[in-house]
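Subject: Structure for you to look at

Hello,

Here is the structure I said I would pass on. Please open it beside this email and find each residue as you read.

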Amino acid sequence: MKKVQISLNSIDKVKSFVNELSKFDFDFDLVSGRYVIDAKSIMGIFSLDLAKPIDLNIHAEGEALEEVLESLKPYII
């Protein structure tokens with residue numbers, strides 16, 4: 001598992017973020033305070049405080065993890 005901080009400060013960013021994650025078969029969790037939600041859930045993301053950076057837990061390893069990180073570069077802080 002890899003943890004990175006991301007910023008989703010606009011509706012368009014949230015939509016494109018979920019579309020990127022949907023391409024992968026791995027689990028992704030967003031952690032904000034005591035809340036943990038599925039990162040592929042648009043409704044779940046909008047329940048978080050998007051003004052602050054959010055922790056993203058990526059449950060992938062090796063080459064697959066590198067591919068995920070490359071596609072998420074626009075969102076990683």
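Predicted model: local features only at pLDDT ≥ 70, side-chain atom pairs only at ≥ 80, totals over all residues.

Strands

Start with strand 2, which covers residues 27-32. Strand 2 pairs with strand 4 in the antiparallel sense, over five bridges. Within that pairing, L30 stands opposite L56 of strand 4. Strand 2 also pairs with strand 3, residues 35-38, again in the antiparallel sense, here over four bridges. In this second pairing V31 stands opposite V36 of strand 3. Strands 2 and 3 form a hairpin with two residues between the strands, and G33 in this hairpin takes a positive phi near 65°.

As background, side chains in a regular strand alternate between the two faces of the sheet.

Core

Which residues touch the most other members of the largest nonpolar core? They are I6, F17, L30, I45, L56 and I58, out of 24 residues in that core. At least two residues each come from strand 1 (2-6), helix 1 (11-21), strand 2, strand 4 (54-59) and helix 3. Helix 1 gives the most, with four residues. As a general point, nonpolar side chains in soluble globular proteins tend to be buried together.

Leaving out residues up to four places away in sequence, I45 touches L8, V14, F17, V18, L30, I37, A39 and L50.

Helix 3

Helix 3 runs over residues 62-71. Which of its residues are buried? They are L65, V68, L69 and S71. Seen down the helix axis, the buried residues fall within an arc of 165°, so they line one face of helix 3. E63, E66, E67 and E70 are exposed on the other side of the helix. In general, an α-helix has 3.6 residues a turn, so residues three or four places apart point the same way. The cover over the buried residues of helix 3 includes strand 1, helix 1, strand 2 and strand 4.

Are S71 and S32 buried or exposed? S71, in helix 3, has a relative accessibility of 18% and counts as buried, because the cut-off is under 20%. The side chain of S71 reaches the backbone oxygen of V68 at 2.9 Å. Neighbours within four places in sequence aside, S71 is in contact with E20 and F24.

S32 lies in strand 2. Its relative accessibility is 13%, so S32 counts as buried by that cut-off too. With residues up to four places away in sequence not counted, S32 touches L48 and I54.

Aromatic rings

How many aromatic pairs does the structure hold? There are three. One of them is F24 with F26, which is stacked, at 6.3 Å centre to centre and 25° between the planes. F24 is buried, with a relative accessible area of 10%, whereas F26 is partly exposed at 26%. F24 and F26 form one aromatic cluster together with F28.

Regards

Terms used:
Residues numbered from 1 in each chain as written. Heavy atoms only, no water. Buried < 20%, exposed > 50% of the residue type's maximum accessible area, 1.4 Å probe, protein only. Contact = heavy atoms within 4.5 Å. Polar contact = N/O pair within 3.5 Å; in protein donor to acceptor, adjacent residues only side chain to side chain. Phe/Tyr/Trp six-rings, centres within 6.5 Å; stacked < 30°, edge-to-face > 60°. Core = buried A, V, L, I, M, F, W, Y, C linked by side-chain atoms within 4.5 Å. Arc of directions from axis to C-beta. Pairing = 2+ DSSP bridges.
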